[in-house]
Amino acid sequence: MSAWQIIRHRLEATRDAALLLLAPQLCRQCGALTEKLSDGAVCRACWESWLGEQARRPQACARCGRWAEAETEFVARRPQCEQCAPWALEWLRSGGAYVGALRAALLALKRIPMTPEPLRRIVRETWRQEAALHESDIIAPIPLAPRRERQRGYNQAALLAREVACAAQRPLVTGALARVIETHPQRAGLDARARRDGLKGAFRVIRPRLVANRRVLLVDDTLTSGATLDVAAQALLAAGATAVSALTAARTLLRARPGAT
Ligand SMILES: [Zn+2]
Ligand SMILES: [Zn+2]
């Protein structure tokens with residue numbers, strides 16, 4: 001570390017301590033006081049614990065990156081799984097499980113348009129580590145319905161897509177795809193097929209020339225059933241995109257099977 005870097009780190013630590021003394025922030029995950037502004041709404045200990053947990057999940061599906069959910073489960077990595085077999089998406093990767101620190105950070109991102117450093121790193125590393133995603137020509141976020149974007153003032157998926165575009169050195173395209181129907185895909189009790197049916201026609205490509213003959217990488221905050229991304233991918237392919245893959249910051253875990261630990 002150079003002398004300048006050491007000075008910069010000390011200055012940042014002093015600034016953080018001063019600001020957090022004036023306006024203490026409690027970790028959204030555990031309630032402890034946070035120490036670094038760049039960690040966002042989650043404390044360092046919670047980020048470390050989430051990262052430690054992620055490192056122990058073996059990947060179970062080569063196409064969608066789904067991982068084994070129980071640490072003890074032996075997994076033979078397959079070319080595709082039951083969940084991703086019907087998808088129009090070519091490849092999918094997620095930064096990690098929608099639990100703990102990552103879940104708290106993504107919920108906070110819906111209230112404050114600031115992407116904390118650990119979340120930026122997760123998104124950038126997910127892109128870097130997956131060669132299949134490197135062939136994309138453009139990066140596009142999953143759009144919000146216009147009314148919801150007006151209420152929130154921004155689209156959190158676009159903030160994450162910007163990180164991917166930076167890491168990938170590819171253009172960020174936000175105006176090609178529009179969400180024409182406001183949907184509630186997170187509703188509990190709906191299976192993958194019902195969610196997919198509820199999303200039919202939810203997206204429309206409004207500027208086809210931006211996606212025609214291009215490989216598109218879609219970015220969203222959280223993958224639940226995959227239906228949202230898949231329906232958006234179908235719309236892009238119908239408008240002439242060559243291929244569509246996706247990257248999400250998080251992915252919800254499937255319900256643990258009986259007997260799984
Ligand atoms: Zn915490
Ligand atoms: Zn899969």
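Mentor: Helix H4 (residues 117-129) and helix H6 (residues 156-168) have axes that come within 9 Å and cross at roughly 45°. Axes here are lines fitted to C-alpha atoms, for helices over the stretch in contact, and angles run from 0 to 180 degrees between N-to-C directions. Helices (H or I, at least four residues) and strands (E, at least two) are DSSP runs, numbered from the N terminus. H4 and H6 are therefore oblique to each other; angles under 35 degrees count as roughly parallel, over 145 as roughly antiparallel, 65 to 115 as roughly perpendicular and the rest as oblique.

The model is predicted: local features need pLDDT of at least 70, side-chain atom pairs count only at pLDDT 80 or more, and totals for chains, interfaces and linings use all residues. Residues are numbered from 1 along each chain as its sequence is written, while chains are lettered from A and ligands numbered from 1 in the order in which they are written.

From H4, the contact with H6 draws on Arg 120, Val 123, Arg 124, Trp 127 and Arg 128; H6 contributes Leu 160, Glu 163, Val 164, Ala 167 and Ala 168. Residues are in contact if their C-beta atoms, placed from the backbone, lie within 7 Å. By class, this contact of H4 with H6 has six nonpolar, no polar and four charged residues. Ala, Val, Leu, Ile, Met, Phe, Trp, Tyr, Cys and Pro count as nonpolar, Asp, Glu, Lys and Arg as charged, and the others, Gly among them, as polar.

The surroundings include an open sheet of four strands in the order E1-E6-E5-E2, with parallel pairing. Strand E1 (92-97) and strand E2 (138-141) stand at the edges, each with a single partner strand, so one side of each has no neighbour in the sheet. Strands pair if DSSP finds at least two bridges between them; eight join strand E5 (residues 215-223) to strand E6 (residues 243-251). Helix H3 (residues 100-109) lies across E1, E5 and E6, at about 105° to E6. H4 also packs on the sheet, where H4 touches E1 and E6 and its direction makes about 145° with that of E1.

As for confidence, pLDDT is the predictor's confidence in each residue, from 0 to 100. The mean pLDDT of the chain is 87, and 87% of its residues reach 70 or more. Confidence is lowest in helix H7 (residues 192-199), at a mean of 72, and highest in E2, at 98.

Conventions
Contact = placed C-beta atoms within 7 Å.
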